[in-house]
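Dear colleague,

I am handing over the structure that you will find just below. My notes on what was found in it follow, arranged by topic.

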Amino acid sequence: IMAGVFLLGSVPLFLLLHSENARQNVRAEALRTQGVEAAGEIVRLWHSGDKSHTPMVTYAFTANGIRLRGDSSVPGGVWGNLQKAGFLPIRYVPSDTSINHPVAWEPSTMPDWVPFILPVVLAGVAIGLLISLKRQGEVAAEGLPAAGVVTKCSRVKDGFAVRYQFRMKDGAIARGSSHVPRRLEVGATVCVLYLPQNPRRNQMYPTSLYRVTP
(Lines give C-alpha, C1' and ligand atoms only; values in the text may rest on other atoms or scores of the structure.)
Protein backbone atom coordinates (compact mmCIF):
# COMPACT_ATOMS: atom_id res chain seq x y z
CA ILE A 1 0.00 0.00 0.00
CA MET A 2 2.79 2.41 0.90
CA ALA A 3 4.63 1.61 -2.33
CA GLY A 4 1.46 2.21 -4.34
CA VAL A 5 0.81 5.50 -2.58
CA PHE A 6 4.39 6.64 -3.23
CA LEU A 7 4.26 5.64 -6.90
CA LEU A 8 0.92 7.33 -7.47
CA GLY A 9 2.02 10.36 -5.46
CA SER A 10 5.14 10.90 -7.59
CA VAL A 11 3.00 11.96 -10.58
CA PRO A 12 1.00 14.79 -8.93
CA LEU A 13 4.16 15.82 -7.07
CA PHE A 14 5.95 16.27 -10.40
CA LEU A 15 3.03 18.24 -11.85
CA LEU A 16 2.81 20.45 -8.75
CA LEU A 17 6.55 21.18 -8.65
CA HIS A 18 6.70 21.74 -12.40
CA SER A 19 3.82 24.20 -12.20
CA GLU A 20 5.40 26.06 -9.29
CA ASN A 21 8.76 26.19 -11.07
CA ALA A 22 7.12 27.64 -14.19
CA ARG A 23 5.21 30.20 -12.10
CA GLN A 24 8.37 31.35 -10.35
CA ASN A 25 10.26 31.67 -13.64
CA VAL A 26 7.42 33.66 -15.22
CA ARG A 27 7.34 36.07 -12.28
CA ALA A 28 11.11 36.50 -12.32
CA GLU A 29 11.11 37.14 -16.08
CA ALA A 30 8.26 39.64 -15.76
CA LEU A 31 10.18 41.56 -13.10
CA ARG A 32 13.29 41.63 -15.30
CA THR A 33 11.56 42.74 -18.50
CA GLN A 34 8.54 44.74 -17.32
CA GLY A 35 9.40 45.80 -13.78
CA VAL A 36 9.56 49.42 -12.65
CA GLU A 37 11.02 50.69 -9.41
CA ALA A 38 9.21 52.34 -6.53
CA ALA A 39 10.30 53.69 -3.19
CA GLY A 40 9.49 51.19 -0.47
CA GLU A 41 9.94 50.97 3.25
CA ILE A 42 10.58 48.13 5.63
CA VAL A 43 7.57 47.34 7.79
CA ARG A 44 8.82 44.27 9.61
CA LEU A 45 11.87 42.04 9.91
CA TRP A 46 11.16 38.52 11.09
CA HIS A 47 11.97 34.81 10.74
CA SER A 48 9.66 32.20 9.27
CA GLY A 49 9.16 28.68 10.58
CA ASP A 50 9.96 27.11 13.93
CA LYS A 51 13.08 25.30 12.68
CA SER A 52 14.17 26.94 9.42
CA HIS A 53 14.39 30.48 10.83
CA THR A 54 14.47 31.92 7.31
CA PRO A 55 15.09 35.71 7.45
CA MET A 56 12.05 37.55 6.08
CA VAL A 57 11.13 41.16 5.38
CA THR A 58 7.70 42.71 5.05
CA TYR A 59 7.72 45.89 2.99
CA ALA A 60 5.25 48.51 1.77
CA PHE A 61 5.21 50.57 -1.41
CA THR A 62 2.82 52.56 -3.58
CA ALA A 63 1.92 51.39 -7.10
CA ASN A 64 -0.80 52.79 -9.36
CA GLY A 65 -1.88 55.03 -6.50
CA ILE A 66 -2.49 52.08 -4.16
CA ARG A 67 -0.55 51.27 -1.00
CA LEU A 68 0.64 47.66 -1.19
CA ARG A 69 2.57 45.23 0.98
CA GLY A 70 4.79 42.31 0.17
CA ASP A 71 6.95 39.66 1.84
CA SER A 72 10.28 38.24 0.75
CA SER A 73 12.95 35.96 2.12
CA VAL A 74 16.28 37.73 2.64
CA PRO A 75 19.73 36.34 1.70
CA GLY A 76 22.07 36.00 4.64
CA GLY A 77 24.55 38.46 3.17
CA VAL A 78 21.88 41.17 2.94
CA TRP A 79 20.13 40.55 6.26
CA GLY A 80 22.69 42.40 8.34
CA ASN A 81 22.31 45.55 6.23
CA LEU A 82 18.55 45.86 6.64
CA GLN A 83 17.22 48.08 9.39
CA LYS A 84 13.69 48.17 10.70
CA ALA A 85 11.73 51.20 9.44
CA GLY A 86 14.42 51.74 6.78
CA PHE A 87 13.93 52.33 3.06
CA LEU A 88 13.92 49.46 0.58
CA PRO A 89 13.54 50.06 -3.21
CA ILE A 90 10.98 47.74 -4.76
CA ARG A 91 10.53 46.51 -8.33
CA TYR A 92 7.00 45.63 -9.47
CA VAL A 93 5.07 44.85 -12.64
CA PRO A 94 2.53 47.65 -13.38
CA SER A 95 0.06 45.27 -15.06
CA ASP A 96 0.14 42.91 -12.07
CA THR A 97 1.30 44.61 -8.89
CA SER A 98 1.17 41.30 -6.99
CA ILE A 99 4.45 40.55 -8.77
CA ASN A 100 6.92 42.58 -6.75
CA HIS A 101 10.29 42.11 -5.09
CA PRO A 102 13.06 44.13 -3.43
CA VAL A 103 15.60 45.49 -5.91
CA ALA A 104 18.57 44.67 -3.68
CA TRP A 105 18.52 40.93 -4.50
CA GLU A 106 17.10 38.62 -7.13
CA PRO A 107 13.92 36.66 -6.38
CA SER A 108 14.60 33.08 -5.43
CA THR A 109 13.48 30.46 -7.93
CA MET A 110 13.30 26.70 -7.78
CA PRO A 111 16.17 24.93 -9.58
CA ASP A 112 14.96 23.33 -12.82
CA TRP A 113 16.04 19.86 -11.65
CA VAL A 114 13.85 19.85 -8.51
CA PRO A 115 10.55 18.93 -10.27
CA PHE A 116 12.30 15.85 -11.68
CA ILE A 117 14.55 14.65 -8.86
CA LEU A 118 12.02 14.66 -5.99
CA PRO A 119 9.39 12.51 -7.78
CA VAL A 120 12.19 10.16 -8.89
CA VAL A 121 13.30 9.82 -5.25
CA LEU A 122 9.72 9.11 -4.18
CA ALA A 123 9.32 6.50 -6.91
CA GLY A 124 12.69 5.01 -5.93
CA VAL A 125 11.51 4.58 -2.34
CA ALA A 126 8.40 2.80 -3.63
CA ILE A 127 10.47 0.47 -5.79
CA GLY A 128 12.79 -0.21 -2.85
CA LEU A 129 9.80 -1.18 -0.70
CA LEU A 130 8.55 -3.58 -3.37
CA ILE A 131 12.00 -5.17 -3.73
CA SER A 132 12.29 -5.55 0.05
CA LEU A 133 8.83 -7.09 0.20
CA LYS A 134 9.74 -9.60 -2.51
CA ARG A 135 13.15 -10.49 -1.07
CA GLN A 136 11.83 -10.98 2.47
CA GLY A 137 8.97 -13.06 1.09
CA GLU A 138 11.36 -15.41 -0.73
CA VAL A 139 13.46 -15.96 2.39
CA ALA A 140 10.38 -16.45 4.58
CA ALA A 141 8.83 -18.95 2.16
CA GLU A 142 11.90 -20.89 1.04
CA GLY A 143 14.50 -20.28 3.77
CA LEU A 144 15.88 -22.93 6.09
CA PRO A 145 15.95 -22.14 9.83
CA ALA A 146 19.22 -22.03 11.76
CA ALA A 147 20.30 -20.96 15.21
CA GLY A 148 22.32 -17.75 15.06
CA VAL A 149 24.48 -15.92 17.60
CA VAL A 150 24.58 -12.13 17.90
CA THR A 151 28.13 -10.81 17.38
CA LYS A 152 27.40 -7.07 17.44
CA CYS A 153 24.47 -4.79 18.21
CA SER A 154 24.62 -1.04 17.67
CA ARG A 155 22.02 1.70 17.87
CA VAL A 156 20.87 3.35 14.64
CA LYS A 157 18.32 6.04 13.87
CA ASP A 158 15.15 3.98 14.25
CA GLY A 159 16.22 0.88 16.16
CA PHE A 160 19.27 -1.39 16.34
CA ALA A 161 21.53 -2.91 13.71
CA VAL A 162 22.41 -6.51 14.60
CA ARG A 163 25.22 -8.61 13.16
CA TYR A 164 25.15 -12.35 13.67
CA GLN A 165 26.65 -15.62 12.51
CA PHE A 166 24.99 -19.00 12.07
CA ARG A 167 25.84 -22.55 11.10
CA MET A 168 24.26 -23.84 7.92
CA LYS A 169 22.98 -27.37 7.29
CA ASP A 170 26.33 -28.42 5.80
CA GLY A 171 28.20 -27.15 8.89
CA ALA A 172 29.67 -24.04 7.26
CA ILE A 173 29.54 -20.74 9.15
CA ALA A 174 27.77 -17.80 7.49
CA ARG A 175 27.16 -14.23 8.60
CA GLY A 176 24.37 -11.73 8.21
CA SER A 177 22.81 -8.56 9.56
CA SER A 178 19.29 -7.35 10.35
CA HIS A 179 17.49 -4.36 11.75
CA VAL A 180 15.52 -4.88 14.97
CA PRO A 181 13.45 -2.56 17.19
CA ARG A 182 15.14 -3.55 20.48
CA ARG A 183 18.67 -4.13 21.69
CA LEU A 184 20.04 -7.69 21.68
CA GLU A 185 22.98 -8.69 23.82
CA VAL A 186 26.13 -10.04 22.19
CA GLY A 187 26.01 -13.83 22.46
CA ALA A 188 22.21 -13.99 22.40
CA THR A 189 20.69 -16.76 20.30
CA VAL A 190 18.43 -15.73 17.43
CA CYS A 191 16.49 -17.57 14.75
CA VAL A 192 17.86 -17.08 11.23
CA LEU A 193 16.31 -18.03 7.89
CA TYR A 194 18.62 -18.47 4.89
CA LEU A 195 18.37 -19.62 1.29
CA PRO A 196 20.41 -22.82 0.79
CA GLN A 197 21.27 -21.87 -2.79
CA ASN A 198 22.43 -18.39 -1.70
CA PRO A 199 23.26 -18.22 2.04
CA ARG A 200 24.06 -14.51 1.78
CA ARG A 201 20.29 -14.06 1.47
CA ASN A 202 19.45 -14.46 5.14
CA GLN A 203 17.56 -12.58 7.82
CA MET A 204 16.49 -12.88 11.41
CA TYR A 205 13.03 -14.26 12.06
CA PRO A 206 10.47 -12.85 12.60
CA THR A 207 11.10 -10.38 9.80
CA SER A 208 9.72 -6.87 9.63
CA LEU A 209 7.24 -7.76 6.87
CA TYR A 210 6.44 -11.48 7.19
CA ARG A 211 5.38 -14.09 9.71
CA VAL A 212 5.28 -17.82 8.90
CA THR A 213 1.92 -19.41 9.68
CA PRO A 214 1.26 -23.14 10.19
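How much space lies in the largest pocket? The answer is about 480 Å³, where a pocket is an open set of points on a 1 Å grid over the protein atoms alone, at which a 1.4 Å probe fits, with protein on both sides within 12 Å along at least five of seven lines, and where lining residues have an atom within 4 Å of a point. The volume is the space filled by probe spheres set on the points, which are joined across faces, edges and corners.

Before going further, please note that this is a predicted model, in which local features need pLDDT of at least 70 and side-chain atom pairs count only at pLDDT 80 or more, while totals for chains, interfaces and linings use all residues. Residues are numbered from 1 along each chain as its sequence is written, and side-chain values use heavy atoms, with hydrogens and water left out.

**Pockets**

The lining of the largest pocket is made up of 18 residues, and those nearest its centre are Ser178, His179, Val180, Pro206 and Ser208. Two or more lining residues come from each of S9, S10 and strand S11 (198–205), with helices (H or I, at least four residues) and strands (E, at least two) taken as DSSP runs numbered from the N terminus. By class, this lining holds 8 nonpolar, 8 polar and 2 charged residues, where Ala, Val, Leu, Ile, Met, Phe, Trp, Tyr, Cys and Pro count as nonpolar, Asp, Glu, Lys and Arg as charged, and the others, Gly among them, as polar.

The second largest pocket has a volume of about 280 Å³, and 16 residues line it, with Arg27, Asn100, His101, Pro107 and Ser108 nearest its centre. Helix H1 (2–34) gives the most to this lining, with 5 residues, and the lining divides into 5 nonpolar, 8 polar and 3 charged residues.

**Strands**

Strand S7 (residues 144–156) runs antiparallel to S8 and is joined to it by 8 bridges, given that two strands pair if DSSP finds at least two bridges between them. The hairpin from S7 to S8 passes through 2 residues, and Cys153 stands opposite Val162 in S8. S8 also pairs with strand S9 (residues 173–180) in the antiparallel sense, over 8 bridges, and Arg167 stands opposite Ile173 in S9. The hairpin of S8 and S9 has 5 residues between the strands, and in it Gly171 takes a positive phi near 95 degrees.

**Aromatic pairs**

Rings of Phe, Tyr and Trp (its six-membered ring) pair if their centres lie within 6.5 Å, and planes under 30 degrees apart count as stacked, over 60 as edge-to-face and the rest as tilted. By this rule there are 5 aromatic pairs. The rings of Phe166 and Tyr194 have centres 5.4 Å apart and planes at 35 degrees, so this pair is tilted. Phe166 lies in strand S8 (residues 159–167) and Tyr194 in strand S10 (residues 189–195), 28 residues apart, and the pair thus links distant parts of the chain. Phe166 is buried at 2% relative accessibility, as is Tyr194 at 4%, with buried meaning under 20% relative accessible area, exposed over 50% and partly exposed in between (1.4 Å probe, protein chains only).

**Cysteines**

The whole structure has 0 disulfides, a disulfide being a pair of cysteine sulfur atoms within 2.5 Å. The sulfur of Cys191 is 17 Å from the closest cysteine sulfur, in Cys153, which is too far for a bond. Cys153 is buried, with a relative accessible area of 13%, whereas Cys191 is partly exposed at 33%.

With best wishes
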